[in-house]
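The following briefing concerns one protein structure. Please read it alongside the sequence and the coordinates shown here.

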Amino acid sequence: MPKVSIIIPAYDAAAYVAEAIQSALAQTWPDKEVIVVDDGSSDATAAIAGSIPGVTCLRQTNAGVSHARNSGVRHSSGDLVAFLDADDVWHPGKLEAQVRLLERYPDCDLVYSNFVEVPGALAPRGWPGGGDPPPHPREHRRQHEERGELRGEGLGRGDADLGARPGEEGELR
């Protein structure tokens, strides 16, 4: 059974990070770790994340979402890596369904899912890049290590990089 490292980059997310963490801890996939990377928040994000049992909270100076994700991966021990934004929540069976797909298709390096916007849930933020936000990818730890750290900053750039990486080296199906 592969262990999944759930990485939650967070910046000034005190209003909603606890809900994101609880959704990660509530996953039906049993072998997991939750790592929150506080990216230089000026609010109580780190204190909230650090007070929740079963969560590792790392702190770094503000360097952006890609750096926070990379830091989380460097401190993780899972076979698989999953990224959860601090203002998102997951359905309890999300990880299990995605891990089962990776097990069913062993040549697959990345699994992603769509999202459902729930009116009134969490803090309203909107998508700064316009249009729909990118899907939420999950990748094998070995692929992250082989391809290197996530590149780029800017609005949504970390997600765009993660989503584009498999196509750089192989076929997308």
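Arginine 100 and glutamate 103 are three residues apart in helix α4, so about one helical turn separates them. Their side chains form a salt bridge with the closest N and O atoms 3.1 Å apart; a salt bridge here is a side-chain nitrogen of Lys or Arg within 4 Å of a carboxyl oxygen of Asp or Glu. Salt bridges with shared partners join Glu96, Arg100 and Glu103 into one network. The model is a predicted one, in which local features need pLDDT of at least 70 and side-chain atom pairs count only at pLDDT 80 or more, while totals for chains, interfaces and linings use all residues. Residues are numbered from 1 along each chain as its sequence is written, and side-chain values use heavy atoms, with hydrogens and water left out.

**Salt bridges**

- The structure holds four salt bridges.
- Glutamate 96 and arginine 100 meet in one of them, at 3.6 Å from N to O; being four residues apart in helix α4, these two are separated by about one helical turn.
- An α-helix has 3.6 residues a turn, so residues three or four places apart point the same way.
- Glutamate 96 counts as partly exposed because its relative accessibility is 26%; buried means under 20% relative accessible area, exposed over 50%, and partly exposed in between (1.4 Å probe, protein chains only).
- Arginine 100, at 42% relative accessibility, is partly exposed, and glutamate 103, with a relative accessible area of 39%, is partly exposed as well.
- Aspartate 85 forms a salt bridge with arginine 69, where the closest N and O atoms are 2.8 Å apart.
- This pair links distant parts of the chain, with aspartate 85 in the loop between β4 and α4 and arginine 69 in helix α3, 16 residues apart.
- Aspartate 85 counts as buried at 18% relative accessibility, and arginine 69 counts as buried at 2%.

**Overall architecture**

- The protein chain has six helices and six strands; helices (H or I, at least four residues) and strands (E, at least two) are DSSP runs numbered from the N terminus.
- From the N terminus on, the elements follow the order β-α-β-α-β-α-β-α-β-β-α-α.
- Of the 173 residues in the protein chain, 44% are buried.
- Among contacts with a separation of 6 or more, 70% are between residues 24 or more positions apart; contact means heavy atoms within 4.5 Å.
- The accessible surface of the protein chain is about 8800 Å², and 53% of this belongs to carbon and sulfur atoms; the areas come from the Shrake-Rupley method with a 1.4 Å probe, and for residues only the protein chains shown count as cover.

**Nonpolar cores**

- The largest nonpolar core has 25 residues, and those with the most contacts inside it are Val4, Ile6, Ile8, Ile21, Val36, Leu84 and Leu95; such a core is a set of buried Ala, Val, Leu, Ile, Met, Phe, Trp, Tyr and Cys residues joined through side-chain atoms within 4.5 Å.
- At least two residues of this core come from each of β1 (4-10), α1 (17-25), β2 (32-39), β4 (80-83) and α4 (94-104).
- Another core, of eight residues, lies apart from it and includes Ile35, Val37, Val73 and Phe83.
- Beyond its neighbours within four places in sequence, valine 36 is in contact with Ile8, Ala10, Ile21, Ala49, Val55, Thr56, Cys57 and Leu58.

**Strand β4 and its partner**

- Strands β1 and β4 run parallel and are joined by four bridges; two strands pair if DSSP finds at least two bridges between them.
- Isoleucine 6 stands opposite alanine 82 in β4.
- Leu80 and Ala82 point one way from β4, Val81 and Phe83 point the other way, and all are buried.
- In a regular strand the side chains alternate between the two faces of the sheet.

- Helix α3 is largely enclosed by the rest of the structure, because seven of its ten residues are buried.
- Those buried residues are Ser66, Ala68, Arg69, Asn70, Ser71, Gly72 and Val73.
- Serine 76 lies in the loop between α3 and β4 and, at 8% relative accessibility, counts as buried.
- A polar atom of the serine 76 side chain lies 2.7 Å from the backbone oxygen of valine 73.

**A loop residue with positive phi**

- Aspartate 12 is placed in the loop between β1 and α1, and its phi is near 45°, a positive value in a residue other than glycine.
- Most residues other than glycine have a negative phi.
- With a relative accessible area of 27%, aspartate 12 is partly exposed.

Technical notes. Polar contact = N/O pair within 3.5 Å; in protein donor to acceptor, adjacent residues only side chain to side chain.
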